[in-house]
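Subject: Structure for your review

Hello,

Please find the structure for your review below.

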Amino acid sequence: MSAQKPRTLFDKIWDAHVVETLPDGTALLYIDLHLTHEVTTPQAFDGLRAAGRKLRRPDRTLGVIDHNIATDASRYTGIVDPESRLQVETLERNAVEFGMPLIPLLDARQGIVHVIGPELGRSLPGMTIVCGDSHTSTHGAMGALAFGIGTSEVEHVLATQTLLQKPAKNMQVLVEGNLAVGCSGKDITLAVIGKIGTAGGTGHVIEYAGDAIRALDMAGRMTVCNMSIEGGARAGMVAPDQTTFDYIMKTPNGPKGEAFEQALAWWKTLPTDAGAHFDTVVKLAAHEIAPQVTWGTSPEDVLPITGVVPNPEEAADEARRAQLRRMVEYMGLTPGQRLQDLKIDVAFIGSCTNSRIEDIRIAAAIARGRRVADGVRALVVPGSGLVKKQAEAEGLDRILTEAGFEWREAGCSMCLGMNPDKLTPGQRSASTSNRNFEGRQGPGGRTHLLSPAMAAAAAIAGHLADVRDYQPKESV
Ligand SMILES: CC(C)[C@H](C(=O)O)[C@@H](O)C(=O)O
Ligand code: SF4
């Protein structure tokens, strides 16, 4: 028998899940894990009900409530907004009716869907993972093929545990060398999107590789995979390695004992074979990446913090000039202005991009012994109840609140305007989330995307700041 053609991590997971391939190449894929939340499931369950169908695999389905809930004390007194309340109550009712496991709203494990999947040990290497949510790409950090699906696809997966998918192209994003002081996974992903643009990954699944990716902890890898979707890709992934296996070993629901050993043997076969073909390769030198911040209303409009607001008139064509003029105006900027001079109203540390314990640790390290600037509202919103508990056990909540940060319950919070945490028109925020389009954090709000370390530095400075000037104090 001739040796098998070298395959990528994506190819291997795809091949292992094909139930049937149609003549046009579209495949029916088996889905290992289906995560659900309140926003994209109501019509899907309505569809099942109308067709008299059951939930096919409750054991491979898990629901959680994250987008619509308050993250301050008001979550204990019920949801005020009628639409938000209806979505949450609908998910709760559907979970009971269809026998879907649902993490209750006030359970310690409640949190953002993309934080809880890996954290609980439900999202594992080699799996196909879907959720009616674009940032499902986050779970690819586990060495899984994970992508967002639409509501009609949610219905299909609920009913059949399979999904029709067109094959994707393979893209490798190679980040070689070491990250500089003050930089993190967020700076890598923003730099990648700055380089390839928001359409750069179209039709591809990205595999992130290189020393700088290997050196990231799981939280950093999740941050990078999370934003793959903002670079236009279908999914992002990192090959599983010892960092991945050590992480899984500590999860409450990951495989244990013999089951772990068996799984491990398979997981170790997953990394891309030498000589496997990538349709597109993008290379970045990690040491050239400086702390990044977006200035415009798309994640690709990103610059090093030492940069200045671009001059729209210098753009090559009229369409781009018009687009840049609009961004400069919406964001309330002046061409040539130093990014570090932009005063902020709000700092938001949270979202499925950056709300894990590692993110909170770095924010607390920078906040320790310092104060949030007068007039700035700074929020730290842990990604899950378990993250919150861990942070409190480490005393991070105290460090943060003493510095003037608000310490919240878990949820999507100010990542998007679907719950009480919103920017008011004209407010400028330094945000660790992943989207900065007009009105994303509230109508008229102005969002600058950056890392948790950069957000903490901005909260303290009162303006966008270079985190390299705000390194943790040795002793306080
Ligand atoms: C509400 C949901 C459908 C949406 C998504 O798919 O990403 C949200 O999570 C977001 O980040 O905009
Ligand atoms: S934290 Fe933001 S990006 Fe993530 S799932 Fe929630 S709304 Fe979407």
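The shell around ligand 2 consists of His67, His114, Asp133, His135, Ser351, Cys352, Cys412, Cys415, Leu416, Asn434 and Arg440; a residue is counted there if one of its heavy atoms lies within 4 Å of the ligand. By class, four residues of this shell are nonpolar, five are polar and two are charged. The classes are as follows: Ala, Val, Leu, Ile, Met, Phe, Trp, Tyr, Cys and Pro are nonpolar, Asp, Glu, Lys and Arg are charged, and the others, Gly among them, are polar.

On conventions: this is a predicted model, in which local features need pLDDT of at least 70 and side-chain atom pairs count only at pLDDT 80 or more, while totals for chains, interfaces and linings use all residues. Residues are numbered from 1 along each chain as its sequence is written, chains are lettered from A and ligands numbered from 1 in the order in which they are written, and side-chain values use heavy atoms, with hydrogens and water left out.

Domains

The protein chain is assigned domain 1 (9–166 + 242–262), domain 2 (169–241 + 272–288) and domain 3 (292–469); the bounds come from an automatic or database domain assignment. Domain 1 and domain 3 each give at least three residues to the shell around ligand 2. Between the C-alpha centres of domain 2 and domain 3 there are 22 Å. In contact across these two domains are 19 residues of domain 2 and 21 residues of domain 3, where contact means heavy atoms within 4.5 Å.

Pockets and cavity

The search ran on a 1 Å grid over the protein atoms alone: a cavity is a set of points where a 1.4 Å probe fits but cannot get out, a pocket is an open set with protein on both sides within 12 Å along at least five of seven lines, and lining residues have an atom within 4 Å of a point. Grid points are joined across faces, edges and corners, and a volume is the space filled by probe spheres set on the points. Helices (H or I, at least four residues) and strands (E, at least two) are DSSP runs, numbered from the N terminus.

The largest pocket holds about 560 Å³ of space. It is lined by 20 residues, of which Glu119, Tyr247, Lys250, Ile357 and Glu358 are the closest to its centre. Two or more lining residues come from each of helix H4 (113–120), helix H8 (218–226), helix H9 (242–249), helix H12 (357–367) and helix H13 (385–393). H13 contributes the most, with four residues. This lining has nine nonpolar, three polar and eight charged residues.

The second largest pocket has a volume of about 310 Å³. Its lining has 18 residues, and the closest to the centre are Cys183, Ser184, Gly185, Glu358 and Ile362. Helix H6 (185–196), H8, H12 and helix H15 (452–461) each give two or more residues to this lining. Six of the lining residues are nonpolar, eight polar and four charged.

One cavity of 30 Å³ or more was counted. The largest cavity has about 40 Å³ of space and is lined by Phe10, Trp14, Leu145, Phe147, Gln165, Lys166, Ala168, Val205 and Arg234. Helix H1 (9–17) and strand S6 (145–148) each give two or more residues to that lining. Its classes are six nonpolar, one polar and two charged.

Single residues

Valine 113, in helix H4, counts as buried because its relative accessible area is 1%; buried means under 20%, exposed over 50% and partly exposed in between, with a 1.4 Å probe and protein chains only. Leaving out residues up to four places away in sequence, valine 113 touches Leu35, Thr36, His37, Val64, Asp66, Cys131 and His139. Its C-alpha atom is 7.1 Å from that of histidine 37, 76 residues apart along the chain.

Threonine 138 lies in the loop between strand S5 (128–131) and S6 and is buried, at 0% relative accessibility.

Most residues other than glycine have a negative phi. Glutamine 161 has a positive phi, near 60°, and serine 413 has one near 50°. Glutamine 161 is in the loop between helix H5 (151–160) and strand S7 (162–165), and serine 413 is in the loop between strand S16 (406–407) and strand S17 (428–431).

Regards
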